[in-house]
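I opened this entry to record what I looked up in the structure. I took the fold of one chain, then the contact between chains.

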Amino acid sequence: MNKIIETKQLTKTFYLGDIAVHALRGIDLSVEPGELVAIMGSSGSGKSTLMNLLGCLDQPTSGDYFLDGINVNSLKKDEYAEIRNHKIGFVFQGFNLLPRTSALENVELPLFYDRTLRIKNPKQAAIDALARVSLAERMDHEPNQLSGGEQQRVAIARALVNQPAIILADEPTGNLDSRTSVDVISVFQELNDQGITIVMVTHEPDLIPYAKRVIEMRDGIIRNDYLVEKRRRAKEDLAEMATLQEEV
Amino acid sequence: MLQFRNLIKASIKSILKNRMRSLLTSLGIIIGVGAVIVMVAIGEGASERIKNNIASLGTDLLMIRSGASRFGGVSRGVGSAVGFTFKDVDEIKERATTLKAISPLVRSAGQVIGGGNNWNTSIEGVNTDYQYIKSWEIGAGEFFTERDVRGRRKVCVLGHTVAKELFPNSNPIGERIRIRNTPFQVIGVLKEKGQSGMGQDQDDVILAPATTVLYRLKGGIYVDMIFVSAISTDKIYEAEQELTTVLREIRDVKPGDDDDFSIRNQAEITEMASSTTEVLTLLLGSIAAVSLLVGGIGIMNIMLVSVTERTREIGIRLSIGARERDILTQFLTESVLLSAIGGIIGILLAFLITYLLQTFTTLSTVIKLDIILIAFSFAAAVGIFFGFYPARKAAKLNPIEALRYE
């Protein structure tokens, strides 16, 4: 099967004046379709830098990166933008929705920049994407009328709408309480069940059992890469939490 | 096309999100465009009025005087050459083909007695063409005729001022007056003409047949001037050329010698006046254009603030696949829309102000289509010019840093 992500000796060095900071020191990573990967690591481990490279927001200092079979390094700026538009769906820690803009319009936004017009009916596609995260009935609400969990669902719908090869989530639960975190993770699990490949960066060990595969990073290299054995279903945990609350 | 529509929609939305700020930003352009149009309209109005005033003098008018004579190399100044006679006038009339009307002018002045009052005024001896040349209509009674001129009849037409002074409460027509002790019959009163461009009262005059004035009042054989009207305003130079040729022949001026007469036309005065008002219009317009420029800088200022404020939004847009070009066009569209909307409001405002000026003041204004187009395209250009730098700044943002921006 074709790999979605394949990197070869990816490095990234930042220069702060004369001091070179080696954020990434040779990453070999491959992700196959249908995976749900959690990249773990403390701050400074290079996981965010890796995420930016995988998301085509930044270019590596050296090494190769193949996304869905395309060698991304050889691309020009505008082609980078196109890759972001066609192949990648982003979910951020801070939701990053446009303020004073309805959920529907926020979800439609990526299609606005799609010059190929692959998706014939952007509005319908946006409604469908919102339905997949169970928010269809709130599509006219603006971000400040939605809870944190709902805002993140809108962000996930926006990531889905252009039918990307992969969803990249950067600390998707960082701004959420633990219950809402599990709720958002349950959305990821559902989408993953439908065959969507997801890579998320997190520093919360609580989330490990919900992933299929865990990659641990430290000091710019991959220290550990393993499959999760005792997987948990976020949906079941949510139901359990609900009953616990009722008993209290 | 869909892209373009979305772009306009998105820009309008973002402008409407900050209604107050958008309005204040546009205000610079509104005032600028409005001021340019109003100022130029006032300038054009003034120039139109001056042109009309001059036209009422008769732009097809030529004035012929006898010129300087030389005697043994000594010039004796204007009027020292042999003057014109009625015979010269008849000869010009016969030979020139570019003339519509011709009249001699014999000037005299003196005390006038009539209706129990007396008044000192100037008496102008002319022929029947004179009222066409000066486009001077008769107010009451009638003008004298060819027969009156040929018969040297002692009839006269009073200017409005003279009529008022001599016959304040009665109808002067048919009355007898004495001009320097010569009795004349009043057969008409001229319409009021008002002050001339130089501030003279044009109505303080009595018109009488040239022959009568010359032979019965003044004496001598020479007229003071000859007034000529060309067949049309645009033929005025041809008429001047032809007159020069004819006059040289009549007066037997040898080839190579200077003319011993002078011909002046009103077109020179018109040109001078209109070039003055053109300078005025230009001055007013350029002062107003400065305010338009300041308005443009206001737009740049707000767009820069907007870019900083929306750094995160730009980051989001870039991360989901917007190209630099998309961000650039979005911000450019916004600034051009702002200035274009400001321009349209400014045009409407200008119409309102000029309407009020026309109605409530004595200023006359003329709005020309081309100045509206110029002001509007200048406003749009200001939007592009001053919007470009902020838009480029937005487009060049690094998506990672933009997303992290608080």
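The model is a predicted one. I began with a helix: α5 (residues 148–160) of chain A lies across β6 and β7 (166–170) of chain A. Its direction is at about 170° to β6(A).

Next I looked up the sheet. In chain A, 6 strands form an open sheet with mixed pairing, and I noted the order as β6-β7-β8-β3-β9-β10. β6 (88–91) and β10 (221–227) of chain A stand at the edges; each has a single partner strand, so one side of each is left without a neighbour in the sheet.

Strand β3 (residues 36–40) of chain A runs parallel to strand β9 (residues 213–218) of chain A, and 4 bridges join them. For A:A38 I found the bridge partner A:V214 in β9(A).

I then took totals for chain A. The chain has 7 helices and 10 strands. Of its 248 residues, 44% are buried. Among contacts in chain A with a separation of 6 or more, 70% join residues 24 or more positions apart.

Last, I turned to chain B. I found 14 residues of chain B in contact with 18 residues of chain A. On the chain B side, the elements giving two or more residues are α1 (2–17), α10 (311–319), α11 (324–360) and α13 (399–404) of chain B. The residues on this side of chain B divide into 6 nonpolar, 3 polar and 5 charged.

Methods: Residues numbered from 1 in each chain as written. Chains lettered and ligands numbered in written order. Predicted model: local features only at pLDDT ≥ 70, side-chain atom pairs only at ≥ 80, totals over all residues. Pairing = 2+ DSSP bridges. Contact = placed C-beta atoms within 7 Å. Axes fitted to C-alpha atoms, helices over the stretch in contact; angles between N-to-C directions. Buried ≥ 20, exposed ≤ 12 C-beta atoms within 10 Å, placed from the backbone. Nonpolar A, V, L, I, M, F, W, Y, C, P; charged D, E, K, R; others polar.
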